[in-house]
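Open the model in your viewer and keep the selection tool ready.

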Number of protein chains: 2
Amino acid sequence: MTTEKIPDIIIGRLPIYLRALQRLADSGEQTTSSQELGELVGISAAQIRKDISQFGEFGKQGTGYSIPFLMEKLRNILKVDRVWEVVIVGMGDIGHALANYNGFNNRGFHVSMVFDNDPKKIGHKVGDFEVLDAGTMNEKLKAHKIRIAMLCVPAASAQEAADQLVKAGVKAILNYAPISLNVPEDVHVQYIDPVTHLQRMTYYL
Amino acid sequence: MTTEKIPDIIIGRLPIYLRALQRLADSGEQTTSSQELGELVGISAAQIRKDISQFGEFGKQGTGYSIPFLMEKLRNILKVDRVWEVVIVGMGDIGHALANYNGFNNRGFHVSMVFDNDPKKIGHKVGDFEVLDAGTMNEKLKAHKIRIAMLCVPAASAQEAADQLVKAGVKAILNYAPISLNVPEDVHVQYIDPVTHLQRMTYYL
DNA sequence: TTTGGATTGTGCCTGATTGTACAAAAAATC
DNA sequence: GATTTTTTGTACAATCAGGCACAATCCAAA
């Protein structure tokens, strides 16, 4: 273990490992090996061992890794050993789907508010949430110290909405709008655009 | 230009460039430079020049790149200079959102069918589509020579559904289920799991 | 207690990726 | 027409990432 700074590409693989470990745990497994985990996620065993060993010696020779122990460590590292309050901005179809999604709960996140700027939507219910006025976003985000947002507005208003989120103190944005966002260096963005993902595959067809 | 095989990491950036070029074109621009494009997408100008030059000399010294010309070239390379017929499997909230999404049209894709295995959904309308019986998927996919699918079923049935898609000749899967899929080498998979994307960012908070 | 099988963590090497710098060329300016 | 500015494409250098192989260690069984 060398506690230097960890490459982002490794950080990106840890949630994949954690997700696979959860499945193993759900099916009653107590331990696993780099080889088994590698087959599950499609990554070489050596790669997995090296990734994990960046953070400490979590395995045991001859035995492999204790699943609950490794999950706890990965959750620590990724800081999902707590619950992050997140908000959804934009209550179109995607925002709607995210608001109804029950897959956040066990994995470190909780949707605390949802916003839209359409008067026809504000005040109405979406799942368990009342749609809040996007005009009140700044105060509400600051009051609740929200650090994470999912952005589901149309491309045309995405940059403006992102600017507002940044101003309100948000440091991580999951962007569903099909546009690259311009944000300060300390704000992290992840992109989900089904079309770019599809286009990445058509090259090989 | 060296027509050797192109690293996947470069292929992955091309759709980002294409998306930004479309925005520039929409706002009436005729030409751009690696620097301008780089600022738009958050990638260094040198990187962009090198990526593009893998495929030919598409720019002009002193002038930069013709936007329509470069877009055409990128579409050629990515094979989105045509329209790919795609299907959606699983008509939950996400499948619903994708079925209603109108962002596929101009970017090389057209949803041709949607499937579910829930008798309560089969035969009903979702947007413009009639939900088809997933049991009939194999014949329909083969009949229409479908190569691309978006998979939106629950994690528990995702691997089984993927196996069926592969058997029906699908070669590219955009997987929304929070699980790593096991597929043959010639089948490409892209993953969209909001939680793994969020977990990748919490590390830095 | 000893032996055999399994599996980790890591040093080394190779190949992949990115950044730097600059000649070449086009356009703009004078 | 000459000079300056802009911008590409690429050679070179440096950094990064991934695969291989193996000593070290642990468990199980005899």
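**Stop 1: around the DNA**

Select DNA strand C. It is surrounded by 28 residues, and the closest are Gly59(A), Gln61(A), Pro7(B), Ala46(B) and Gly62(B). Here, near means that a residue's C-beta atom, placed from the backbone, lies within 6 Å of the strand. This is a predicted model, where local features need pLDDT of at least 70, side-chain atom pairs count only at pLDDT 80 or more, and totals for chains, interfaces and linings use all residues. Residues are numbered from 1 along each chain as its sequence is written, while chains are lettered from A and ligands numbered from 1 in the order written.

Now select α3 (45–53) of chain A. α3(A) gives the largest share of the surface near DNA strand C, six residues. Helices (H or I, at least four residues) and strands (E, at least two) are DSSP runs, numbered from the N terminus.

**Stop 2: where the chains meet**

Show chains A and B. 50 residues of chain A are in contact with 50 residues of chain B; contact means C-beta atoms, placed from the backbone, within 7 Å. On the side of chain A that touches chain B, α8(A) gives the most, with nine residues.

**Stop 3: one helix**

Select α4(B), residues 67–78. Its buried residues are Leu70(B), Leu74(B), Ile77(B) and Leu78(B). Buried means 20 or more other C-beta atoms, placed from the backbone, within 10 Å of the residue's own. Seen down the axis of α4(B), the buried residues fall within an arc of 90°, so they line one face of the helix. They pack against α8 (194–202) of chain A, together with α1 (8–26) and β3 (64–66) of chain B. Last, click Lys79(B): this residue follows α4(B), and its phi is positive, near 60°.

Definitions and conventions. The expected span of a helix is 1.5 Å times one less than its number of residues. A residue is buried if 20 or more other C-beta atoms lie within 10 Å of its own, exposed if 12 or fewer, and partly exposed in between; C-beta atoms are placed from the backbone. The arc is that of the directions from the helix axis to the C-beta atoms. Two residues are in contact if their C-beta atoms, placed from the backbone, lie within 7 Å.
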